[in-house]
Amino acid sequence: MKRKLSIILALVMIMSMTFGATVQGAMAEYTVKEGDVLWKIAKANGTDWETLAEENALDNPHLIFPGQMLTIPDYEKKVTLLHTNDMHGFFIEGSYDGMGAAKLKTVFDMYDADKTLVLDGGDATQGANLVTLSDGATAIEVMNALGYDAMVTGNHEFDYGQEPLLANVAAADFPVLAANIKKDDDSDFLTPYVIKEVDGVKVAIFGLATPETVYKSHPANSEGLTFEDPATAAAALVPTLEGMADVIVCLAHLGDEGDTTSESVAKAASGIDVIIDGHSHSAYAEGIVVGDTLIASAGEKTANVGVIEVKLTNGVVSGTSAKLFTKDDAEGIEEDATVAALIEKINTANAVIEEEIVSTTEEVLVGERADVRTGETNLGNLIAESILDISDADVALTNGGGIRSSIDVGDITKGEVLTVLPYGNTVVKIELTGADIIAALEVGLTDYPEAKGAFPHIAGMTVEFDSSKEALSRVTSVMIGDVAVDEAATYTLVTNNFLQAGGDGYKMFDGKTVAGEYGAMDEVLIDYINANGTSGGALTERIKDIAVATTGWIIDILTAA
Ligand SMILES: [Zn+2]
């Protein structure tokens, strides 16, 4: 026994001398303690006992003794973070949308599940009919099938109300995170963070929700909740997480605009290795580096899968990188059959929901293309009145091109309303000047009497224009109630989020302060008709061409003479 030990000792000395010549700078030394076992030392140092035995030329790896020096080889590990954000329920591949959920699953499966986490930056459960018809429940079904490990709540997750949100959270096989939403008793509304072990690497993931939720979703949806400043919340939490994990990942539904951005969080809370961002629908080809933090974001609507690689050397983060796997990259890949079948099942169930009767009408509600793109119709008026009513704005304006069909007399089904308003657009209130309102009306009226998608359907104001004048100088009068619009004064205008983003030429709306968001257009219209009937759509000559009147007046005089 003694003899054997001394042979090993001699061997160790020879071997350590041999290695001494080639030792790498970062290699660590370890002094064996009483009771140590090689495999435990190996595991604690991110390696395995075979490697350790080979590195130290131990011919019997079970014979180590206190005081013995072991060389711990450098080791590297790589954790992959796959991520999406702002999917808005667009899980079906489409020419204007992304690759769809069935291809997402195939892309996720291309990575080693044991070394990979799948994460989402929020706003997944609201938008496309596929998910809104179930108040987001079907989005969670799809995400469960996709194998998500965690997501942060977006503002749109609140759009159905707190109860449906919490039901969706409960149905998810993964945590829906937010470290900065507190209830009245100061307890957390959602799970603040989770620690995941990936190939022996501990990854802390925490969520930050946008404080804009309190006005970007209906105010009732955030009643009783306080959204703490994300940067402050992160700065308070990160030191705790540093003691618990090797890698710190923040899922931030904050975006790159407004008061609190992901960049401001990275600056305020050092120690975050990766921020996966959502909310602004940004697509960063290689991420953005702020200090030691990599900020990544993968666009919207399953257009890309974000792929982040976190490299660790001897258990410490030594590098991060980000890239996008785009819809083009996914061109030739197969859809995952299980996810494709799930989407098909949801579509079939939705067809039944679309038969549901939501209201009735005693008159045809006119939404024909030729009508809604050239003038006031009862359906256009109703939609404008419904968004004015819910938002309490001064005036309402929505585009004729967004009204896609008529509704016939009798029962109104959910499907009919969705055919009228198929885009999943939401209602948004902005602040702007009287001059902006006039400029917007001018844009909508440039082509009159030719059809134009931008043709404005309005409420809360009456407009006169002269089509015999040049385009962009046709509006002659805008009355809000009994008072002429004041070009210099500030007003609130409610519209749909497509126009709010500058769509259909309404560039003057883009970038204006958002004063409120009120859910989906179709839901707002249904609720309005149920509460008020359809009489609000009655034609009132609220937008009137006076050129005809002028011509008629001249003809009268000529005839009289
Ligand atoms: Zn958002």
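Helix 4 is mostly covered, with seven of its nine residues buried. A residue is called buried if 20 or more other C-beta atoms lie within 10 Å of its own, exposed if 12 or fewer do, and partly exposed in between, with the C-beta atoms placed from the backbone. Helices (H or I, at least four residues) and strands (E, at least two) are DSSP runs, numbered from the N terminus. The model discussed here is predicted: local features need pLDDT of at least 70, side-chain atom pairs count only at pLDDT 80 or more, and totals for chains, interfaces and linings use all residues. Residues are numbered from 1 along each chain as its sequence is written.

The buried residues of helix 4 are Ala101, Ala102, Lys103, Leu104, Lys105, Val107 and Phe108. They pack against several elements, including strand 3 (76-84), strand 4 (116-120), helix 6 (137-146) and helix 11. Contact between two residues is taken to mean that their C-beta atoms, placed from the backbone, lie within 7 Å.

Helix 4 (residues 101-109) and helix 11 (residues 337-353) have axes 8 Å apart and pack at an angle of about 160°. Helix 4 is therefore roughly antiparallel to helix 11. Angles under 35 degrees count as roughly parallel, over 145 as roughly antiparallel, 65 to 115 as roughly perpendicular, and the rest as oblique. The axes are lines fitted to C-alpha atoms, for helices over the stretch in contact, and the angles run from 0 to 180 degrees between N-to-C directions. The crossing of the two helices, helix 4 and helix 11, is right-handed; a crossing has this name if the near helix is turned clockwise from the far one by less than a right angle, and is left-handed if anticlockwise. Helix 4 contributes Ala101, Ala102 and Lys105 to the contact, and helix 11 contributes Val339, Ala340 and Ile343. By class, five residues in the contact of helix 4 with helix 11 are nonpolar, none is polar and one is charged. In this classification Ala, Val, Leu, Ile, Met, Phe, Trp, Tyr, Cys and Pro are nonpolar, Asp, Glu, Lys and Arg are charged, and the others, Gly among them, are polar.

The text now turns to strands. Strands of a sheet pair through backbone hydrogen bonds, either parallel or antiparallel. Here two strands are said to pair if DSSP finds at least two bridges between them. An open sheet of six strands, with mixed pairing, has the order 8-9-11-12-14-13. Its edge strands, strand 8 (193-198) and strand 13 (288-290), each pair on one side only. On average, neighbouring strands of this sheet are turned by 25° against each other, direction ignored. Strand 8 and strand 9 (residues 201-208) pair in the antiparallel sense over six bridges, and Tyr193 stands opposite Phe206 in strand 9. Helix 9 (residues 230-242) packs on the sheet and touches strand 8, strand 9 and strand 11 (247-252); its direction makes about 165° with that of strand 9.

Strand 18 (residues 395-399) is mostly covered, since five of its five residues are buried. In a regular strand the side chains alternate between the two faces of the sheet. Both faces of strand 18 are covered, with Val395, Leu397 and Asn399 buried on one side and Ala396 and Thr398 buried on the other. Strand 18 pairs in the parallel sense with strand 25 (residues 490-496) over two bridges, where Val395 stands opposite Leu493. Strand 18 also runs antiparallel to strand 21 (residues 456-459), to which four bridges join it. In strand 21, His457 is the bridge partner of Thr398.

Several loop residues also deserve attention. Tyr160 lies in the loop between strand 5 (150-152) and helix 7 (162-171). Tyr160 counts as buried because it has 24 C-beta neighbours inside 10 Å. Leaving aside residues up to four places away in sequence, Tyr160 touches Asp135, Gly136 and Leu165.

Most residues other than glycine have a negative phi, and most peptide bonds are trans. Leu472, although not a glycine, has a positive phi of about 75°; Leu472 is placed in the loop between strand 22 (462-465) and strand 23 (475-480). Because it has 11 C-beta neighbours inside 10 Å, Leu472 counts as exposed. A cis peptide bond, with omega about 10°, joins Tyr448 and Pro449, and Pro449 is in the loop between helix 15 (434-444) and strand 21.
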